Amino acid sequence: MSEPLIYELSASGREGVKPPQLDVPESPLPKTMLREALPLPEVSEVDVVRHYLRLSQLNYAIDKGMYPLGSCTMKFNPKVNEVAARLGGFTGVHPWLDPEAAQGALYIMYSVQEYLKEIGGFAAVSLQPAAGAHGELTGVLIMRKYHLDRGDTARDTILVPDSAHGTNPASSSMSGLRVVEIPSDARGNIDLQALRAQVCERVVGLMFTNPNTLGLFEEHTEEVADIVHSCGGLVYGDGANMNALAGIMRPGDAGIDVMHFNLHKTFSTPHGGGGPGSGPVGVAAHLADYLPAPIVALDPDSSPDEDPFFIFYDPPKSIGRVKAFWGQFGVIVRAYTYMRMLGETGLRQAAEHAVLNANYLLSRIKGVYPLPYDRICKHEFVVEGRFKDAPDVHALDIAKRLIDYGVHPPTNYFPLIVPEALMIEPTETESKQSLDNYADILLKIAAEARENPQLLHEAPHNAPVRRLDEVRAARNPVLRYAH
Ligand SMILES: Cc1ncc(COP(=O)(O)O)c(C=O)c1O
């Protein structure tokens, strides 16, 4: 990076802020609070503003351009949702307020619970989990408690297809269960024969992602649920990909017993935006008593239509609390605003357009980029980032070269069942022009791979930083500036 860092702008005696004259007696800070050396930069306000603006411009963002990071649903989220979440009445509400003084906040939470019940086809919803993976852990704990409560104590195994999201086996094993992997068949569905071979009285349930990480709809969802139920197991559906299904298919109707939603993918909050997420869990009626406590309920003594009063309610067999206070309230407000803005038909249309956009982009690059499972995709698809006639070029080279063209790369090397995977999720908020632009770039890069592979190996050429050692950066992060 050639730009000066804030410490390099420092000039002795330069000030950015002039505090007002003291109007209280000066008193020294306790020694324990002071450091011997604290070399802060001495900079003006203009230095600071320019420094942070410049840093923000080094970043890529969905507000700059297309961000088709598969599995992350990096769609453009209307700014009005941010405005709503920042309203003083919402940001200022204290979590310890008596419910009587926070009826507006409880109304929002109750409404989002109700909308998610309707969208997912569930009997009850808890808003507590703070992210998708947290929702999965919550769901598995619910499934385990359900079996234990029934005296069914020998169940210690969870089945997870190889096309599931990486968090699925991780959250399952975090809950202390043995994970058994189920392979996919030639069409990218769960292999039913392999599934049948694994169901037995040790099985807590199955956790699967639908649409799966290949971007494909599980064609035998109901049969999968029947097979798992036949041994007394439960079915966990990872609903983080509801962006393909909302308003079209209700997982609860297809036999899914428990599922999390990713509000920070499907319902407005940006995913991976550095802020909190939210992973509400929906359950079928037989699991409703196990949801994490508390959830928001209508006071049975109040009139739902004329004078509703909302209370916190602890389900009788609850697994307990999984999060401090009431969940990620700001994210819930964004989801509420988004759902109210779109309404029933708008939500369905968003899912339809997400699927249409993915299929359009796939049709533009199919034949050039190898497609391991040649089917209509849902909201995303996975191609191979490799070419027979350019054997030295890898998915990573293609991803880095995309940066040179000013667009964000897709997810690469995931899912693991596709070699050199490029997982592309354009989302519904991209126009035909931006999809065409992305397809043109991908086709151009495929041609470059054959004509001048070195160009790809050395990419990116015009980014603020070149290729980083990502493993070392993650394992040994340098988080502070030092000469
Ligand atoms: C399919 C799927 N499942 C689970 C998750 C995990 O969600 P989170 O990142 O909120 O933990 C994600 C995240 O993108 C996902 O795409």
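His-408 is placed in the loop between helix 11 and strand 11 (411–412). The model is a predicted one. The assignment divides the protein into domain 1 (6–58), domain 2 (80–339) and domain 3 (353–472).

**His-408 and its surroundings**

- His-408 has a relative accessible area of 16% and is buried, because buried means under 20%.
- Apart from its neighbours within four places in sequence, His-408 is in contact with Tyr-60, Met-66, Tyr-67, Pro-68, Leu-69 and Tyr-438.
- With one of these residues, Tyr-67, there is a polar contact from side chain to side chain, at 3.5 Å.
- Leu-287 stands 121 residues from His-408 in sequence, and the C-alpha atoms of the two are 41 Å apart in space.

**Helix 11**

- Eight of the ten residues of helix 11 are buried, so this helix is largely enclosed by the rest of the structure.
- The buried residues of helix 11 are Ala-395, Asp-397, Ile-398, Ala-399, Lys-400, Arg-401, Leu-402 and Asp-404.
- Among the elements that cover these buried residues are strand 11, strand 12 (421–424), helix 12 (432–451), helix 13 (453–457) and helix 14 (470–475).

**The largest pocket**

- The volume of the largest pocket is about 800 Å³.
- Its lining consists of 28 residues, and those nearest the centre of the pocket are Leu-58, Asn-59, Tyr-60, Pro-464 and Val-465.
- By type, the lining residues comprise 18 nonpolar, six polar and four charged.
- At least two lining residues come from each of helix 1 (45–58) and helix 11 (395–404).
- The greatest contribution to the lining is that of helix 1, which supplies five residues.
- Both domain 1 and domain 3 give residues to the lining, so the largest pocket lies between these two domains.
- The centres of domain 1 and domain 3, taken over C-alpha atoms, are separated by 44 Å.

**Cis peptide bonds**

- The peptide bond that runs from Ala-293 to Pro-294 is cis, and its omega is near -10°.
- Pro-294 belongs to the loop between strand 7 (281–283) and strand 8 (295–298).
- Phe-414 and Pro-415 are also joined by a cis peptide bond, with omega about 5°.
- Pro-415 lies in the loop between strand 11 and strand 12.

**Positive phi in residues other than glycine**

- Glu-420 is not a glycine, yet it has a positive phi of about 50°.
- The loop between strand 11 and strand 12 holds Glu-420, and this residue is buried at a relative accessible area of 17%.
- Thr-427, likewise a residue other than glycine, has a positive phi near 75°.
- The position of Thr-427 is in the loop between strand 12 and helix 12, where its relative accessibility of 1% counts as buried.

Notes. Residues are numbered from 1 along each chain as its sequence is written. This is a predicted model: local features need pLDDT of at least 70, side-chain atom pairs count only at pLDDT 80 or more; totals for chains, interfaces and linings use all residues. Side-chain values use heavy atoms; hydrogens and water are left out. On a 1 Å grid over the protein atoms alone, a cavity is a set of points where a 1.4 Å probe fits but cannot get out, and a pocket is an open set with protein on both sides within 12 Å along at least five of seven lines; lining residues have an atom within 4 Å of a point. Grid points are joined across faces, edges and corners, and a volume is the space filled by probe spheres set on the points. Helices (H or I, at least four residues) and strands (E, at least two) are DSSP runs, numbered from the N terminus. Ala, Val, Leu, Ile, Met, Phe, Trp, Tyr, Cys and Pro count as nonpolar, Asp, Glu, Lys and Arg as charged, and the others, Gly among them, as polar. Domain bounds come from an automatic or database domain assignment. Buried means under 20% relative accessible area, exposed over 50%, partly exposed in between (1.4 Å probe, protein chains only). Contact means heavy atoms within 4.5 Å. A polar contact is a pair of N or O atoms within 3.5 Å; within protein, one must be able to donate a hydrogen and the other to accept it, and residues adjacent in sequence count only if both atoms are side-chain atoms.
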